[in-house]
Amino acid sequence: MDSEAEEIRPRDREDRPGGLLYLDPEIPTVVVPDLHARMELVLAVLSSKDEQGVAAVDRLAAGRLQLLCLGDGFHAEGRAAVRWQAALEEFKGGYRKHIHMDEEMRESLGVMEMVMALKRQFPNHFHFLKGNHENIANEQGGGNYPFLKFANEGLMVRIYMEHFYGEEILNSYAEFEKSFPILAVGGNFLASHAEPAWFIPKHELIEYRRLPQVVYGLTWTDNGEAEPGSVQQMLEHYLGPEAAMAAYHFGGHRPVHGSYNLRSDERYVQIHDPDRYVVAVLPAGGQIDLDRDIRELDREAFRELIDE
Ligand SMILES: [Mn+2]
């Protein structure tokens, strides 16, 4: 991650890649919302075909397509609510038994192993933004906050990692999570894990490693929490006033049911449907047409791989 090209990730004052990611405006972008331990969603995206019948992975390899993940690789959501309860009992028993937690960790670490493989293979055309679930140490600080929803996920994962993998792997993985950018700039769109809580200018984005509030402001925002006008200001600042008029800001984080949901004067587009494989396939140049460009991928073909 430290060797990302300067044109793609402008460097901070310590010469490390900053939080700002410039996508290639000359090629289309597939925006993939929260993975949440759905390995089959990654497979569905890579194997999805364009109008000519060419698979996304082949277009990626040919440099004719880029993939942008909106973060939250870890933690199965509602589909695994029962398993989380069983895993919680295992956690309380000090992981003397751990078959359910093993399943959760297989899926969470499995998804991120796929992310690492894709990043190594296609460093300039595959990107993953940090979400609030990229916090394996369950720490408070650096824009991170401990997490729990269906059980005590954050702490359960941290203790599991310490117990079965050890401190060294836990710490280096936590460093890896902090190396992800947090805002992507395309030709006619922006994207981040969550809605921008307030306006965040370029120089702050680039220095995100020492500005925890910048990380927080793009990874945690709940519906209704963003300052009015922040999305519009971001679009104008990063894309210019003219392009901003027809541009959108894409995000995941808060779930939607069925395709997409609009907020912030219809400029902020939420595409994370936990029960479906919804992605945005954004053209290079030209106008984004949400009803044409937000697509649902076939889930049935992957049914037997889905643990629910
Ligand atoms: Mn999230």
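**Close-up views of aromatic rings and a manganese site**

A search of the whole structure finds twelve aromatic pairs, a pair being two rings of Phe, Tyr or Trp (its six-membered ring) whose centres lie within 6.5 Å. Planes under 30 degrees apart count as stacked, over 60 as edge-to-face and the rest as tilted. The model is predicted: local features need pLDDT of at least 70, side-chain atom pairs count only at pLDDT 80 or more, and totals for chains, interfaces and linings use all residues. Residues are numbered from 1 along each chain as its sequence is written, and side-chain values use heavy atoms, with hydrogens and water left out.

**View 1. The aromatic pair of phenylalanine 74 and tyrosine 173.** This pair is tilted, with 5.9 Å centre to centre and 45° between the planes. Phenylalanine 74 sits in the loop between β3 (66-69) and α3 (81-92), while tyrosine 173 belongs to helix α6 (residues 167-177), so that the pair links parts of the chain 99 residues apart. Helices (H or I, at least four residues) and strands (E, at least two) are DSSP runs, numbered from the N terminus. Phenylalanine 74 counts as buried because its relative accessibility is 1%; tyrosine 173, at 9%, also counts as buried. Buried means under 20% relative accessible area, exposed over 50%, and partly exposed in between (1.4 Å probe, protein chains only). Both rings belong to one aromatic cluster formed by Phe74, Phe128, Tyr173, Phe176 and Phe180.

**View 2. The aromatic pair of tyrosine 95 and phenylalanine 164.** The ring centres are 6.2 Å apart and the planes are at 50°, so this pair is tilted. Tyrosine 95 is in the loop between α3 and α4 (99-121), and phenylalanine 164 is in helix α5 (residues 153-164), 69 residues apart. Tyrosine 95 is buried at 3% relative accessibility, whereas phenylalanine 164 is partly exposed, with a relative accessible area of 34%.

**View 3. Two arginines over tyrosine rings.** Arginine 267 lies over the face of tyrosine 248, 4.9 Å from the ring centre. Arginine 299 lies over the face of tyrosine 277, at 5.5 Å from the ring centre. A charge sits over a ring if NZ of Lys or CZ of Arg is within 6 Å of the ring centre and within 35 degrees of the ring normal.

**View 4. The manganese site.** Asp72 (OD), Asn132 (OD1), His193 (NE2) and His253 (ND1) coordinate the manganese ion at 2.2 to 2.3 Å. Along the chain, the donors follow the spacing D-x59-N-x60-H-x59-H. Donors are N, O and S atoms within 2.8 Å of the metal (3.2 Å for Na, K and Ca); water is not among the atoms, so sites may look incomplete. Aspartate 72 and asparagine 132 are both buried.
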